[in-house]
Amino acid sequence: MDDYMFRSYVKDCTCVTEATSYLEILNYSDPALNALEEHRFRLDELPDEFNNFLHRRGAFAPPKLKNGKKLVSGMRLILQQNAQHPETFSPRYLSLTHTSYEEMVRTLRLPFRAIESTSVVGPFFWAAFDQDDDDPRLQIVFRKSDVRKKGRTRGWEVMLSHSFQTGITTGYAKGTESSELTACIDHLKACALQVMHPMLLPIIILSHDLSAKNDQKQREAREWLRKLEHAVSMRDEVLPEESRYIKDTMVDLDQINRDLVECHSQVLWKRPQAYQEIIVSMSKAMTGFWDMAGPNPDYGGKGGEVDKLHRSMESRLEFYQAKLKGIENYAHTTLERLQIQRAALYNIIAQKESKLGLQMAGEQRRLAHAAKRDSTSMKTLSLLGAIFLPATYLASVFSMTFFNFQDQNNDNNNNNGEQEKVVSQDLWIYFAITIPITLFVVLFWRWWDQRREKRYEREDADIEAGIEKMEQIIMENMRKRTMNKARTWGTDPRSPTWISEGAKSLTN
């Protein structure tokens with residue numbers, strides 16, 4: 001079943017090209033014969049030299065040893081460091097040809113199941129013994145890959161197979177530049193005498209992956225959180241010049257919201273829970289290895305070099321477990337505090353939106369009343385102008401006896417040829433009566449309009465008082481929560497003025 005699934009998976013994969021090299025570490029009973037060689041295959045050497053390395057032919061053939069000399073341990077790896085192809089860690093992608101990959105897995109007796117993990121994301125570790133009773137091998141798959149970042153996939157993977165008969169670990173390792181696989185291989189070469197333990201390379205990779213950078217990320221996130229708390233909840237734990245969210249008494253809420261998201265993402269970087277599971281799986285693999293290797297005299301037995309290395313590696317895993325537990329608790333506290341700040345920020349934004357809504361409602365109500373008053377005045381003026389003024393004016397003027405437009409006697413003209421006067425001499429009586437009455441009407445209208453304006457002012461005052469009272473009630477209810485929250489964060493109860501001023505600065 002495994003063979004068929006392996007061949008079908010290989011057939012379905014797409015091949016890409018990566019620079020390939022090999023690493024061979026061989027330790028003998030005579031240290032003078034120890035060898036460490038790393039070399040990159042040239043394009044014209046593939047696939048011949050690649051196959052020679054796999055089958056230990058030609059330049060890679062094992063040397064002939066003198067009597068009493070023997071091979072103690074070794075490691076033989078196919079390496080693809082600093083992988084460059086954008087799809088190199090995409091699901092169902094191989095960085096070797098189908099034939100080369102299948103030949104490598106079969107010849108080095110690497111785990112068939114490794115190809116089924118190409119779509120795995122995050123850290124993944126698996127270890128088990130194969131089903132060869134004559135030469136049982138401990139097979140290991142350790143990988144971590146992620147989706148594209150700036151158009152390129154990222155990650156690393158390691159496949160190992162350890163022979164208890166020869167003490168040699170064979171394998172394949174690939175990683176992008178961000179994986180620090182090159183640094184891990186340099187670390188492995190510095191520990192060349194300890195390659196008899198098959199878990200050496202996986203623990204080296206784990207050590208680099210859980211380096212001090214992880215702790216520093218959490219420390220930076222906590223420092224970032226303190227600045228956010230200073231801006232949102234007024235915790236006085238940073239220097240004034242360190243605060244980048246408050247400028248001229250104005251709080252940049254948009255920047256705070258974006259930084260809350262970024263800070264949350266940074267806290268979740270390399271979550272310790274996943275690596276704790278990795279360490280548990282590694283501990284089980286180490287127990288299985290020593291159960292098989294302990295009784296074998298070639299591994300030195302209890303108190304030997306391999307046993308000392310084994311106990312040292314177990315102690316290191318326990319150290320990482322305790323370290324990750326501390327990081328988990330630290331990150332949990334940071335996440336809870338971030339959640340509190342997010343809730344407080346949303347509360348502040350809600351207060352501002354509520355106040356803005358009240359202001360808009362008040363302005364709209366004022367505009368409505370002003371429009372109503374204007375429409376009433378215009379209606380009055382329009383009605384007066386449309387009905388009374390034209391008819392009254394024309395009827396009054398042209399119907400007066402002060403004007404005489406009729407031709408009374410065309411034949412009875414004066415002897416000197418002059419006609420009778422059209423405008424009477426008593427015209428002044430019209431103006432003497434009209435002007436006082438007009439002034440009286442205008443003054444009466446003016447008095448009536450002022451009285452109406454005072455009534456409108458009283459109505460506006462009542463409206464403003466109602467709006468301000470409603471706003472005050474809402475803001476007091478909202479401010480109670482933020483003030484209580486501020487007290488729980490260590491605010492001095494003897495300084496309530498500071499609390500009220502701080503709450504006021506946030507809500508305004």
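Select Arg7. This residue is partly exposed, with a relative accessible area of 39%. Keep in mind that you are looking at a predicted model.

**Stop 1**

Arg7 forms a salt bridge with Asp3, and their closest N and O atoms are 2.8 Å apart. Asp3 is partly exposed too, at 28% relative accessibility. Show helix H1, residues 2–12. Arg7 and Asp3 are 4 residues apart in this helix, which puts about one helical turn between them. Side chains of opposite charge can pair when their charged atoms come close.

**Stop 2**

Move to helix H4, residues 181–190. Select Asp186 and Lys189. Their side chains meet in a salt bridge of 3.6 Å, N to O. The two are 3 residues apart, so about one helical turn separates them. Asp186 is partly exposed, with a relative accessible area of 42%. Lys189 is partly exposed at 25%.

**Stop 3: the sheet**

Color the strands next. Look for an open sheet of 7 strands, in the order E3-E2-E4-E9-E8-E7-E6. Its pairing is mixed. Find the edges: strand E3 (35–40) and strand E6 (122–129). Each has a single partner strand, so one side of each is left without a neighbour in the sheet. Neighbouring strands are turned by 10 degrees against each other on average, direction ignored.

Zoom in on E6 and strand E7 (residues 137–149). In which sense do E6 and E7 pair, and over how many bridges? They pair in the antiparallel sense, over 8 bridges. Select Trp126 and look across to E7: its bridge partner there is Val141. Strands of a sheet pair through backbone hydrogen bonds, either parallel or antiparallel.

Then show helix H2, residues 48–55. H2 packs on the sheet and touches strand E2 (21–28) and strand E4 (71–83). The direction of H2 makes about 150 degrees with that of E4.

**Stop 4**

Select Arg143 and Glu157. Their side chains meet in a salt bridge of 3.0 Å, N to O. Arg143 lies in strand E7 and Glu157 in strand E8 (residues 152–163), so the pair ties together parts that are 14 residues apart in sequence. Is Arg143 buried or exposed? Arg143 is buried, with a relative accessible area of 2%. Glu157 is buried as well, at 11%.

**Stop 5: a salt-bridge network**

Select Arg109, Asp130, Asp132, Asp135 and Arg137 together. A network of salt bridges links these residues. Across the whole structure, a search finds 20 salt bridges.

**Stop 6: an enclosed helix**

Go to helix H5, residues 200–209. How many of its 10 residues are buried? The count is 9, so H5 is largely enclosed by the rest of the structure. Among the buried residues are Leu200, Pro202, Ile205, Ser207 and Asp209.

**Stop 7: a nonpolar patch**

Finish at the surface. Select Met378, Leu381, Trp428, Ile429, Ile433, Ile437, Phe440, Val441, Phe444, Trp445, Trp447 and Trp448. They form a nonpolar patch with about 1,300 Å² of accessible area together. Helix H9 (305–387) and helix H11 (428–488) each supply at least two of its residues. Which helix gives the most to the patch? H11 does, with 10 residues. Leu381 is found in H9, and is partly exposed at 46% relative accessibility.

How values were computed
Residues are numbered from 1 along each chain as its sequence is written. This is a predicted model: local features need pLDDT of at least 70, side-chain atom pairs count only at pLDDT 80 or more; totals for chains, interfaces and linings use all residues. Side-chain values use heavy atoms; hydrogens and water are left out. Buried means under 20% relative accessible area, exposed over 50%, partly exposed in between (1.4 Å probe, protein chains only). Two strands pair if DSSP finds at least two bridges between them. Axes are lines fitted to C-alpha atoms, for helices over the stretch in contact, and angles run from 0 to 180 degrees between N-to-C directions. Contact means heavy atoms within 4.5 Å. A salt bridge is a side-chain nitrogen of Lys or Arg within 4 Å of a carboxyl oxygen of Asp or Glu. Patches are made of residues with over 30% relative accessible area and no salt bridge: like charges are joined within 9 Å, nonpolar side chains (Val, Leu, Ile, Met, Phe, Trp, Tyr) within 5 Å. Accessible areas come from the Shrake-Rupley method with a 1.4 Å probe; for residues, only the protein chains shown count as cover.
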